[in-house]
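Here is my notebook from a look through one structure. Have the model open and follow along with me.

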Amino acid sequence: QAKKEGRNTTRFYQEEMDQWIKKRLFLENALRSAVKNNELELYYQPVIEMKTKLIIGAEALLRWNHPELGLIMPDEMIEIAEESGLIVGIGEWVLREACTQFVRWRAENLRQSHIDRIAVNVSAVQFRQSDFVDKVIRTVAETGLVPSMLELELTESTVIDNIDIVIDKMNRLRHAGIGISMDDFGTGYSSLGYLKKLPFTTLKIDRSFVRDIVSDTDDAALVETILSMASIFKFDVIAEGVETIEQFKFLESHGCQYFQGYLCSKPVQVKHFEELLVHEIQSCAAQ
Ligand code: C2E
Ligand code: MG
Ligand code: MG
Ligand code: MG
């Protein structure tokens with residue numbers, strides 16, 4: 001009996017496994033044609049200055065409109081894109097698209113005069129390419145974006161890779177005028193020593209620390225520590241995932257300069273982002 005059950009269990013896992021592999025292969029193949037078929041789209045989430053409550057920038061976030069599966073989120077595709085290498089081409093598309101859109105916004109008359117930064121997420125696989133920096137600089141030049149308006153978002157796992165090469169690449173980007181954020185700060189393994197060595201311009205406090213700042217004294221202390229450390233290193237700080245007025249007030253009173261989060265807006269499509277810019281005063285719940 002036990003033996004039979006064992007076999008059934010094995011078969012069950014085998015079937016699940018086959019399903020999983022099938023799904024992955026299907027997604028990988030579909031993703032391969034997604035760029036070409038115009039199925040990728042960038043959504044934009046506003047970055048708000050706490051003091052003025054104005055939208056000062058945007059983060060571009062990838063979405064995939066699959067003809068049959070519908071809207072696919074990054075968590076379901078980035079890993080597949082990385083493991084298949086497709087992320088390199090997709091990342092190039094994301095950067096070009098975001099720069100082009102931002103140049104267009106700056107040129108149009110949308111009361112947009114205070115939006116001056118566009119943030120783009122970069123995968124470790126992309127950053128590791130030897131021609132990464134050259135390609136970024138070329139894309140910025142070709143799209144006509146002012147380099148200091150671009151902010152590349154790297155995560156800790158990307159920068160602990162091979163420190164000398166990483167520092168060299170970051171320095172070349174910085175010398176070109178491009179800003180670099182550490183995304184999801186606090187979730188990885190980077191030490192104070194790394195922070196001191198790496199030429200970041202901005203820290204983004206991961207939303208897992210922001211979530212309970214009002215109720216959890218440990219999280220509150222942690223965020224306070226990050227904020228005072230950031231001021232010593234002279235990093236800008238963006239708090240991610242701000243959803244309530246209470247979180248906003250806590251962060252503002254502890255010297256955080258910028259935030260993103262549902263309190264103001266989710267990532268939205270181009271047209272909707274333009275409405276946010278035009279109707280800025282009403283759009284941000286933090287008012
Ligand atoms: P991230 O860069 O840390 O982006 C922030 C994520 O938090 C976004 O999820 C955003 O929708 C979500 N978020 C923002 N505000 C709130 C809030 O107030 N509450 C909650 N619960 N969530 C909030 P999204 O768009 O699903 O992206 C997930 C991750 O996928 C990103 O995390 C980033 O690591 C990656 N990603 C997105 N677009 C790209 C891309 O173009 N290239 C690469 N390499 N990675 C990307
Ligand atoms: Mg990001
Ligand atoms: Mg993040
Ligand atoms: Mg994240």
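**Cavity and metal notes**

A cavity here is a set of points, on a 1 Å grid over the protein atoms alone, where a 1.4 Å probe fits but cannot get out. The model is predicted, so local features need pLDDT of at least 70 and side-chain atom pairs pLDDT 80 or more, while totals for chains, interfaces and linings use all residues. Residues are numbered from 1 along each chain as written, chains are lettered from A and ligands numbered from 1 in written order, and side-chain values use heavy atoms, without hydrogens and water.

I noted about 30 Å³ of space in the largest cavity, a volume being the space filled by probe spheres set on the points, which are joined across faces, edges and corners. Its lining (residues with an atom within 4 Å of a point) includes Glu 59, Arg 117 and Glu 153. Strand 4 (117–121) and strand 5 (150–155) each give at least two lining residues; strands are DSSP runs of E, at least two residues, numbered from the N terminus.

Next I checked the magnesium ion (ligand 2). Glu 59, Asn 121, Glu 153 and Asp 183 coordinate this ion at 1.9 to 2.2 Å. Donors are N, O and S atoms within 2.8 Å of the metal (3.2 Å for Na, K and Ca); water is not among the atoms, so sites may look incomplete. Asn 121 in strand 4 and Asp 183 in strand 6 (residues 179–185) are 62 residues apart.

I also saw that Asp 183 bridges ligand 2 and the magnesium ion (ligand 3), 4.1 Å apart.

Definitions and conventions
On a 1 Å grid over the protein atoms alone, a cavity is a set of points where a 1.4 Å probe fits but cannot get out, and a pocket is an open set with protein on both sides within 12 Å along at least five of seven lines; lining residues have an atom within 4 Å of a point. Helices (H or I, at least four residues) and strands (E, at least two) are DSSP runs, numbered from the N terminus.
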